[in-house]
Number of protein chains: 4
Amino acid sequence: MSSQAASTTEPIKVALVGATGKMGQHAIDAIHAADDMELVAQLASQSPLADITEAGATHVLDLTVPDVSSDIAEFAVANGLHTVIGTSGWTENKREVLQRQLAEQPNVGVLIAPNFSIGSVLATRFAAQAAPYFDSVEIIEMHHPKKVDAPSGTAVRTAEMIAEARQQVGVGPSPDATEHDPDHARGAQIAGINVHAVRLAGLEAHQEVLMGTPGQQLVFRHDAFDRSSYMPGVLLGLRTVASRPGLSYGLDSYLDLD
Amino acid sequence: MSSQAASTTEPIKVALVGATGKMGQHAIDAIHAADDMELVAQLASQSPLADITEAGATHVLDLTVPDVSSDIAEFAVANGLHTVIGTSGWTENKREVLQRQLAEQPNVGVLIAPNFSIGSVLATRFAAQAAPYFDSVEIIEMHHPKKVDAPSGTAVRTAEMIAEARQQVGVGPSPDATEHDPDHARGAQIAGINVHAVRLAGLEAHQEVLMGTPGQQLVFRHDAFDRSSYMPGVLLGLRTVASRPGLSYGLDSYLDLD
Amino acid sequence: MSSQAASTTEPIKVALVGATGKMGQHAIDAIHAADDMELVAQLASQSPLADITEAGATHVLDLTVPDVSSDIAEFAVANGLHTVIGTSGWTENKREVLQRQLAEQPNVGVLIAPNFSIGSVLATRFAAQAAPYFDSVEIIEMHHPKKVDAPSGTAVRTAEMIAEARQQVGVGPSPDATEHDPDHARGAQIAGINVHAVRLAGLEAHQEVLMGTPGQQLVFRHDAFDRSSYMPGVLLGLRTVASRPGLSYGLDSYLDLD
Amino acid sequence: MSSQAASTTEPIKVALVGATGKMGQHAIDAIHAADDMELVAQLASQSPLADITEAGATHVLDLTVPDVSSDIAEFAVANGLHTVIGTSGWTENKREVLQRQLAEQPNVGVLIAPNFSIGSVLATRFAAQAAPYFDSVEIIEMHHPKKVDAPSGTAVRTAEMIAEARQQVGVGPSPDATEHDPDHARGAQIAGINVHAVRLAGLEAHQEVLMGTPGQQLVFRHDAFDRSSYMPGVLLGLRTVASRPGLSYGLDSYLDLD
């Protein structure tokens, strides 16, 4: 959404860690293009973290890898810097350690976002809200053929959120009379939801959630055509994190959806 | 969602007005199939309304036409009956008159639902919530070729809700460099949103809301294959209306979405 | 396509066998609605076949079950009647027997059509023609949740035709780097093509064939919303069979596609 | 399709004119990646054409602009070089002039391709073949919002080809009961076919052709995600043009579709 208000105040001074990766390259372009931000430091995963504070950063954007992400977050919080993290591998244990550290820095905000795509986050949330009203729910995820895992992490999370929403109100499993499926055409069952994984040259990252009940169908489709699609979520995180002290998990906690 | 709780109590005694129309026929089947409901009276649009009270109804389902709908509602409220109305043409003026009458019957609930399709109502609401996060929004509605109006009423309402949501947060119009469109291929502009109407043999009632921002697209698609798709919404209305005194407008007010 | 020419000549006198099934009921309506046809006899699966000749039929439409279909065809050909068969289970052996019988009746035509949906037949044929030009091909079939087999027979035939077309020109398998798929999210492999089966309340019979190559995707989607969708194919068969002596297999042999 | 045969013979020596444009840049990459081709010259639109012959080219690839394309083709044919042209603006008049010149060079082949996307060309051809079998046909084209014309040239050509195919067999217009459409939601009528143009941030170039008849729908969808999607068509043209003397118009004339 609009950022006019922000642009009249001090710019957000961002130190980017993980600047040499593909996501990092996109982030450099996106921060440069944002009127209300200044990119004060670009670090590789193994750069000395002191470069962050020496550059006068107020915010840290961590786009590195699981192994080093904890150290970066610890350093940032210790120095009172608001931090946006796009690294996977933040288990509940690691998040608890970070939360304890944040308790001593009551003004510092940290966002851990496993998925920066606003459209994908919205689609997953809406799917979970709608799922209890339909008899059947299935998920089709479609990706480029270089992907090694099936189904995608996003599809797994979507299935889990849908299953949880249906269980809370006592909705049973989707009806399915299949008796004969020798080759597993019905796909994977994740938390009781059938999930199908398509791999197709030309595609990037796409997901459809299909819901049906007699006489009607509701479909949520999200297409991520390239990594630039993550940048609005990254910028939203950087603009919001200072006003949300403590640990936030998932970009949806920053979206205004009520 | 589940209705187990309701089925252990007294059945909902429904008088259906408008039983001879197509929607009425579907409603008869749906109420008969519901464990927690009893169809105590079936009236044509012009039947004497006293049949409703003589049959011992606790709820009225009005599936008639705009001309007679006001009288039916007035009669039902005067007799303390909860009322679910699926008739169009309830202008703000008419709703105000009904609201004054309801003020004198503080235990009576009335639901006016221009659209009983839960999927359609959900899709429209989600589209309005998501629209501020995308640069572009357009609507494609697709219907059977016997439809005389273009675009559909649902598409108009969807466009208005999306436009309002975008204006509230200061999002500008969708980008559009079109200079040359001699035959109106860009469709209608409804509240500033481009709306396209397809008419195709074989289809019934379908709508896609497309949203895009660099690198990604989010699509909400709803398909209503036949009128049976409206029945879950009708039943939800009948099950909920007694617990919502006063006037409710739109089925979404009964959905649990927060 | 248009049948103006036919309507000025003698009507096609149809004996329908299998009149009591769901397809049979649709066929009765469709033949009655056709200007150029007359329904001279309606037989159940077990009716005496002599009813066909006594009614003066020139054409037989067989919508029965595999067990009796061979006897019906043998009787019809022996009596010089053109025959359209919509029964499954016509193996290569059975077709050869019928072909030998037809050799003695050089003016009689028989069509065996495993699928009467013109749209489905066209989509399958086009998919096979296009498949050699794309790196990747996958199939998603979607049906009502009462279906007991997965994947559908149509999906299997589509996969086989696509695989054959690709082999003929030496195109290799679709690229796929999947290493980790513990729950079979990648679906079935039919003739080397990945096939996914969705079961969803509200749906009837739908199929998508997705093809991709760097930078582009081509999708063929067919939706059969109800059994009336088969009737144009049935009528096309009845109108064409007399002009195609011998045995024709598959409705596509009657479509003008070159 | 496969090019194994070609790779054992002399490489195709290509001179590219229009090397500085976006399409030209993609073509450079594509030719370098092709085992059976050699890029012997790269010319800007205004480079001296003698550079082509001096470099020893056997083929010319013209990706320039309408103003200079005629001169390039004339030069190439005069020098006995096979030529693939991806420039628009080749009117019937200009093509006739070129055909007369080719009559004097009976071994030289020229391909003029208004659209190099194999998927798009296939979708358009299949749509024209299928259209006579359906009551209704409509087109939805979707592009990035910087496009200045609506509808797209591809949509116009698709509509014209569909209309021609339907007229040849006497199929009437799509049924349409629309009486009230004050804002042109029904879109453009091109050759009697309704065409809708969507402009959406995030999209590149996409087209859906929808066909319907009672009970069923057939949809052809093509997505061009970026300009690399044109390169397989460019390479196919270069590999085939020498074996097709004279003037060929449209990439579909090189596809094996019968």
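1. Across the interface of chain B and chain D in this predicted model, the rule finds 0 salt bridges, whereas 19 residue pairs are in polar contact there, both residues of each pair being at pLDDT 80 or more. The side of chain B that touches chain D has, by class, 22 nonpolar, 13 polar and 11 charged residues.

2. The contact draws on 46 residues from chain B and 45 residues from chain D, and the area buried between these two chains is about 3200 Å², with carbon and sulfur atoms giving 61% of that area. On the chain B side, at least two residues each come from β6 (136–143), β7 (188–190), β8 (193–199), β9 (205–213) and β10 (216–224).

3. An unreviewed UniProt entry places the feature "active site" at H143(A) and K147(A), and the two positions may be taken in turn. H143(A) belongs to strand β6 (residues 136–143) of chain A and counts as buried because its relative accessible area, 10%, is under 20%. Not counting residues up to four places away in sequence, H143(A) touches several residues of chain A, among them S152(A), V198(A), R199(A) and H206(A), while its side chain is joined to that of E141(A) by a polar contact of 2.8 Å.

4. K147(A), by contrast, is found in the loop between β6 and α7 (153–168) of chain A, and K147(A) is partly exposed, with a relative accessible area of 22%. Leaving aside neighbours within four places in sequence, K147(A) is in contact with S152(A) and R199(A), and also with A177(C) and T178(C) of chain C.

How values were computed:
Residues numbered from 1 in each chain as written. Chains lettered and ligands numbered in written order. Predicted model: local features only at pLDDT ≥ 70, side-chain atom pairs only at ≥ 80, totals over all residues. Heavy atoms only, no water. Contact = heavy atoms within 4.5 Å. Buried area = accessible area lost by both parts, 1.4 Å probe. Salt bridge = Lys/Arg side-chain N within 4 Å of Asp/Glu carboxyl O. Polar contact = N/O pair within 3.5 Å; in protein donor to acceptor, adjacent residues only side chain to side chain. Helix = DSSP H or I, 4+ residues; strand = E, 2+ residues; numbered from the N terminus. Nonpolar A, V, L, I, M, F, W, Y, C, P; charged D, E, K, R; others polar. UniProt positions renumbered as here; feature names shortened; annotations may be inferred. Buried < 20%, exposed > 50% of the residue type's maximum accessible area, 1.4 Å probe, protein only.
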